[in-house]
Amino acid sequence: MSNLADSLAADRVLTGEEDLWPFFGAMAKSEQVKVALTSGFSDDPADDVIKDAFLTTVEDPETFRVSESSGFPDGSGCPGLRTALAEFYSPGMGRLIDPAAEILIGTGAGDVLHLCGTALLGTGDRVLLMDPYFDKYRRMILKTGAAPVYSSLRTKRSPDGVMTSADFQLDWEDFAGKMKRSRMLILNTPNNPTGKVFSIEELRRIASLCVEHDVLCVTDEVYEFATVGESEHHKIAALPGMWDRCLTVGSAGKAFEITGFKVGWAVGGSGLVRRAAEVARIVELSPSVVTQRAVERIIRYELANRDSPRSLLGKLNLRLRRKRDIMCGILRGCGLDYVEPEGGWFVMVNIERLVPPELDTNGYDKTLVSRKDIHFAIAMAYRLGLLVFPGSMFFRNSEEATNWLRISFVKNSATLQRTYDMFSVLSKWV
């Protein structure tokens with residue numbers, strides 16, 4: 001039966017790409033692992049504002065009107081949520097956004113990205129990625145029949161030896177040359193995995209190249225409210241010539257640390273949104289009415305309190321900064337080399353000078369465990385009880401790829417403090 005299934009599987013779905021997420025997801029549930037810092041989800045309880053929004057939605061008779069609950073929700077998303085998002089995003093975009101034509105709701109930001117790719121890409125189209133990149137972009141591109149190309153973010157260390165995510169910089173000559181032949185650019189700011197927040201000067205240069213070479217831009221900004229350094233988040237879609245060629249992808253899960261509720265959106269020019277909405281209506285990826293209405297209430301709360309101490313995003317950001325500082329302090333105290341992130345939920349740790357211990361590789365793919373970062377990640381799980389993600393999954397062309405580990409810091413303080421002794425042992429693997 002498995003051979004029959006394999007023969008029936010469409011090439012555009014089974015890309016043949018290695019996917020370590022299931023492997024490390026299973027490891028996170030094993031007895032050996034005491035702390036898992038692999039995935040980007042918070043283990044803090046949801047804020048009372050979020051709980052109240054969902055409870056109020058469930059108790060509201062309007063939520064269960066037959067026309068919306070027993071029928072089908074609007075394929076582009078519930079009108080109330082789109083209207084709230086239009087009010088929320090209009091100031092930052094510098095324009096009055098039309099909720100009916102310029103916003104699309106989907107089942108999480110990941111599905112929205114797939115909608116954008118499916119709607120806008122054709123066989124052989126070139127899609128430019130900045131390397132390192134979130135690994136699912138590549139698989140999404142391949143499923144459309146398009147071809148990913150890469151321009152590396154090269155590290156430029158600071159004179160004082162302290163490395164920050166700002167030290168990852170584009171090679172502008174290489175980037176400009178590849179933009180000339182690309183159909184689409186996928187921009188991720190703040191960047192996963194590095195934490196780089198692209199400056200307004202960098203975004204202006206990127207926007208200028210998009211306009212010059214008529215390149216579409218899908219900008220993944222799910223971590224836009226997770227700027228934890230001094231850098232400020234800017235929107236490339238607000239720059240001249242970009243609105244009608246750009247889709248900005250956002251996420252309630254990442255913004256409010258409720259990842260399991262799977263509500264994402266795309267905001268942009270009506271032509272691009274219309275194309276993505278046509279695909280959405282075919283595949284029916286709109287979240288439940290209950291979840292959308294609850295997220296609408298959360299957005300409405302934030303609109304009423306965004307400039308006050310009651311701001312939910314403000315409180316979550318302060319908490320996130322503390323967590324970033326705790327994790328960086330632990331790594332620094334253990335003498336480990338790391339990249340201090342300006343944004344996002346992750347810290348990159350460099351293991352170039354470390355040597356992994358011997359590992360029983362029986363039962364493992366020999367090609368995978370021969371990679372230093374994967375060997376390290378498995379050894380850390382079994383020797384230290386600490387699970388992290390290998391960095392090479394996020395790189396394509398870099399010779400340094402296997403010298404990195406990605407560590408999530410969006411965990412409660414007690415969880416983070418438990419890792420000090422674990423990282424202290426890691427630093428002695430020399």
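This is a predicted model: local features need pLDDT of at least 70, side-chain atom pairs count only at pLDDT 80 or more; totals for chains, interfaces and linings use all residues.
Local features require pLDDT of at least 70 and side-chain atom pairs pLDDT 80 or more, whereas totals for chains, interfaces and linings use all residues. Residues are numbered from 1 along each chain as its sequence is written, and side-chain values use heavy atoms, without hydrogens and water.

The structure contains 3 cavities of 30 Å³ or more. A cavity is a set of points, on a 1 Å grid over the protein atoms alone, where a 1.4 Å probe fits but cannot get out; lining residues have an atom within 4 Å of a point. Points are joined across faces, edges and corners, and a volume is the space filled by probe spheres set on them.

| Cavity | Volume |
|---|---|
| Largest cavity | about 80 Å³ |
| Second largest cavity | about 50 Å³ |

Lining the largest cavity are 13 residues, with Phe-225, Ala-226, Lys-254, Ala-255 and Leu-320 nearest its centre. Two or more lining residues come from each of α9 (252–256) and α12 (312–333); helices (H or I, at least four residues) and strands (E, at least two) are DSSP runs numbered from the N terminus. The greatest contribution to this lining, 4 residues, is that of α12. By class, the lining comprises 9 nonpolar, 1 polar and 3 charged residues, where Ala, Val, Leu, Ile, Met, Phe, Trp, Tyr, Cys and Pro count as nonpolar, Asp, Glu, Lys and Arg as charged, and the others, Gly among them, as polar.

The lining of the second largest cavity includes Leu-129, Met-130, Tyr-133, Ile-186, Asn-188 and Phe-198. Here β3 (126–131) and β7 (184–188) each give two or more residues, and β7 supplies the largest share, 3 residues. This lining has 9 nonpolar and 2 polar residues, and no charged ones.

Note on methods. On a 1 Å grid over the protein atoms alone, a cavity is a set of points where a 1.4 Å probe fits but cannot get out, and a pocket is an open set with protein on both sides within 12 Å along at least five of seven lines; lining residues have an atom within 4 Å of a point.
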